[in-house]
Amino acid sequence: MCQKYEELGITSISLADTTGMGNPKNVRKIIRHLTHSFPSFTFSIHLHNTRGMAFANALTALEEGIIDFDSSTGGIGGCPYAPNASGNIATEDLVHGFEEMGIQTGVDLDQVLDAARYLEKQFPTHVDSFLLKAGKAQDLHRAPGKQRTI
């Protein structure tokens with residue numbers, strides 16, 4: 001498929017795991033093969049979190065040089081031809097995960113969370129965001145009087 005695209009002058013391709021069946025080993029293998037075979041191409045990645053692997057797959061893609069990621073606020077989305085497929089990786093989960101690792105995204109996480117909270121009110125059964133459930137890691141702390149001393 002990439003060969004045909006190259007013949008047409010298309011060199012930007014989004015790799016999609018629309019059904020959420022990918023895993024880091026497969027993601028690494030596919031990206032390495034494609035970037036080696038088509039070094040002039042720019043690849044992006046589209047991940048669904050159906051089986052909870054989207055962030056691990058995103059991290060693997062990043063390690064392989066992918067810097068453009070599809071995501072959706074609140075993880076809204078789905079796949080009409082894949083029964084039980086959940087939505088895209090939640091933007092807030094992707095941004096939070098990368099930034100917790102020191103990878104700057106340039107995305108205002110608090111604004112994304114505000115939008116995700118709004119979506120959650122509008123579509124309570126369709127929002128699939130770990131961050132909305134658990135909060136940001138930096139916001140979690142021990143209750144006063146429960147501090148551990150070393």
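**The second largest pocket and its helices**

Modeller: That would be α6, which puts 3 residues into the lining of the second largest pocket. Keep in mind that we're looking at a predicted model. The space in this pocket comes to about 150 Å³. If you want to colour the lining, pick Asn49, Gly52, Ala54, Phe55, Ile89, Asp93, His96, Phe130, Leu131, Ala134 and Gly135. Two or more of these residues come from each of α3, α4 (91-100) and α6 (130-134). Sorted by class, the lining has 6 nonpolar, 4 polar and 1 charged residues.

Let's follow α4 out first. Its partner is helix α5 (residues 109-122), and the two pack with their axes 9 Å apart at an angle of about 155 degrees. α4 is therefore roughly antiparallel to α5, since an angle over 145 degrees counts that way. Their crossing is left-handed. On the α4 side, the contact uses Thr91, Glu92, Val95 and His96, while α5 brings Leu109, Val112, Leu113 and Ala116. That contact splits into 5 nonpolar, 2 polar and 1 charged residues. His96 is worth a click here: it is part of the pocket lining and also part of the contact with α5.

Now the α3 side. Helix α3 (residues 54-63) packs with helix α2 (residues 24-37), again with axes 9 Å apart, but here the angle is about 30 degrees. That makes α2 and α3 roughly parallel to each other, and their crossing is right-handed. From α2 you have Pro24, Val27, Arg28 and Ile31, which meet Ala56, Asn57, Thr60, Ala61 and Glu63 of α3. In this contact, 5 residues are nonpolar, 2 are polar and 2 are charged.

α2 then takes you to the largest pocket, where α2 supplies the largest share of the lining, 4 residues. β1 (12-17) and β2 (42-47) also give at least two residues each. The lining runs through Leu15, Ala16, Asp17, Gly22, Asn26, Val27, Ile30, Ile31, Ile45 and Leu47, and the pocket holds about 180 Å³ of space. Of the lining residues, 7 are nonpolar, 2 polar and 1 charged. Val27 and Ile31 tie the two parts together: both line the largest pocket, and both meet α3.

Note on methods. Residues are numbered from 1 along each chain as its sequence is written. This is a predicted model: local features need pLDDT of at least 70, side-chain atom pairs count only at pLDDT 80 or more; totals for chains, interfaces and linings use all residues. Side-chain values use heavy atoms; hydrogens and water are left out. Axes are lines fitted to C-alpha atoms, for helices over the stretch in contact, and angles run from 0 to 180 degrees between N-to-C directions. Angles under 35 degrees count as roughly parallel, over 145 as roughly antiparallel, 65 to 115 as roughly perpendicular and the rest as oblique. A crossing is left-handed if the near helix is turned anticlockwise from the far one by less than a right angle, and right-handed if clockwise. Contact means heavy atoms within 4.5 Å. Ala, Val, Leu, Ile, Met, Phe, Trp, Tyr, Cys and Pro count as nonpolar, Asp, Glu, Lys and Arg as charged, and the others, Gly among them, as polar. On a 1 Å grid over the protein atoms alone, a cavity is a set of points where a 1.4 Å probe fits but cannot get out, and a pocket is an open set with protein on both sides within 12 Å along at least five of seven lines; lining residues have an atom within 4 Å of a point. Grid points are joined across faces, edges and corners, and a volume is the space filled by probe spheres set on the points.
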